[in-house]
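Welcome! Please have a look at the sequence and the model below, and then let us walk through some of the details together.

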Amino acid sequence: MAKNKTRAAKKKKKKKGSSKLYEVRHSPIHGYGVFAQKKIKKGVRVIEYKGERISQAEADARYNDVDNEHAHIVLFAVDDDTVIDGKSKGNDGRYVNHSCDPNCEAVNYDGRIWIYSLRKIEKGEELFYDYSLELDEEFDKEHSHLYACHCGAKNCRGVMLAASD
Ligand SMILES: [Zn+2]
């Protein structure tokens with residue numbers, strides 16, 4: 001019995017140590033970030049954006065304070081009526097930062113949000129996707145400074161908001 005136990009423990013340890021694609025640590029861009037812990041191929045499902053699923057109205061009620069710097073950054077709109085609140089029951093997905101020249105993309109599969117690699121990512125690279133936040137127009141104008149982008153990409157839009165065209 002003791003033998004079996006040892007074997008099981010070893011197996012578990014190996015899985016934990018070698019299979020994780022990413023780690024969360026401080027980002028030079030913003031707060032915490034998610035970094036590749038090993039080389040990630042293009043088209044890999046890296047992480048799911050998890051959190052409590054709430055209505056748009058509930059999201060507005062929770063984050064109506066414009067002084068809250070992270071107001072819309074923790075929210076992921078699934079459709080017109082459903083929002084994932086990464087701050088509530090969320091996972092590491094909420095730490096993936098925005099970039100205007102991202103190496104990942106967020107894909108909606110039947111209402112679940114997955115972050116996929118857009119290209120090959122080297123070990124140690126920070127993972128990003130383009131938030132393309134869509135906010136209420138009036139809110140946009142008055143508070144777009146809350147969504148300033150410092151990603152440093154050549155094509156940086158200066159804000160994490162969706163490109164307006
Ligand atoms: Zn940018």
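Two residues are in contact if their C-beta atoms, placed from the backbone, lie within 7 Å. Leaving aside neighbours within four places in sequence, Val44 is in contact with Tyr116 and Ser117.

## Before we start

This is a predicted model: local features need pLDDT of at least 70, side-chain atom pairs count only at pLDDT 80 or more, and totals for chains, interfaces and linings use all residues. Residues are numbered from 1 along each chain as its sequence is written.

Helices (H or I, at least four residues) and strands (E, at least two) are DSSP runs, numbered from the N terminus.

Where does Val44 lie? Val44 is in the loop between strand 2 (32–36) and strand 3 (45–49). The C-alpha atom of Val44 is separated by 10.0 Å from that of Leu21, and these two residues are 23 residues apart along the chain.

Is Val44 exposed or buried, or something in between? A residue is buried if 20 or more other C-beta atoms lie within 10 Å of its own, exposed if 12 or fewer, and partly exposed in between, with C-beta atoms placed from the backbone. Val44 counts as partly exposed because it has 14 C-beta neighbours inside 10 Å.

## Two loop residues with positive phi

Lys89 is a residue other than glycine with a positive phi, near 60°. Look for Lys89 in the loop between strand 6 (82–85) and strand 7 (97–98). Lys89 counts as exposed because it has 11 C-beta neighbours inside 10 Å.

Asp110 also belongs under this heading: phi of Asp110 is near 50°, a positive value in a residue other than glycine. Asp110 sits in the loop between strand 8 (104–109) and strand 9 (112–117). With 5 C-beta neighbours inside 10 Å, Asp110 counts as exposed.

Two strands pair if DSSP finds at least two bridges between them. Three strands form an open sheet in the order 4-6-5, with antiparallel pairing. Strand 4 (52–55) and strand 5 (75–77) are the edge strands, each pairing on one side only. From one strand to the next, the twist averages 35°; the axes behind such angles are lines fitted to C-alpha atoms, for helices over the stretch in contact, and angles run from 0 to 180 degrees between N-to-C directions.

Antiparallel strands 4 and 6 are joined by four bridges, and Glu52 stands opposite Asp85 in strand 6. Strand 5 and strand 6 pair over three bridges, again in the antiparallel sense. These two strands form a hairpin with four residues between them, and Phe76 stands opposite Ile84 in strand 6. In a regular strand the side chains alternate between the two faces of the sheet.

## The nonpolar cores

A nonpolar core is a set of buried Ala, Val, Leu, Ile, Met, Phe, Trp, Tyr and Cys residues joined through C-beta atoms within 7 Å. The largest one has 21 residues, and those with the most contacts inside it include Tyr22, Val46, Phe76 and Val96. Strand 3 gives the most to this core, with three residues. Apart from this core lies another, of five residues, among them Cys100, Tyr131, Cys151 and Met160.

Which residues does Val96 touch, not counting those up to four places away in sequence? Val96 touches Val34, Cys104, Ile115, Leu127, Phe128 and Tyr129.
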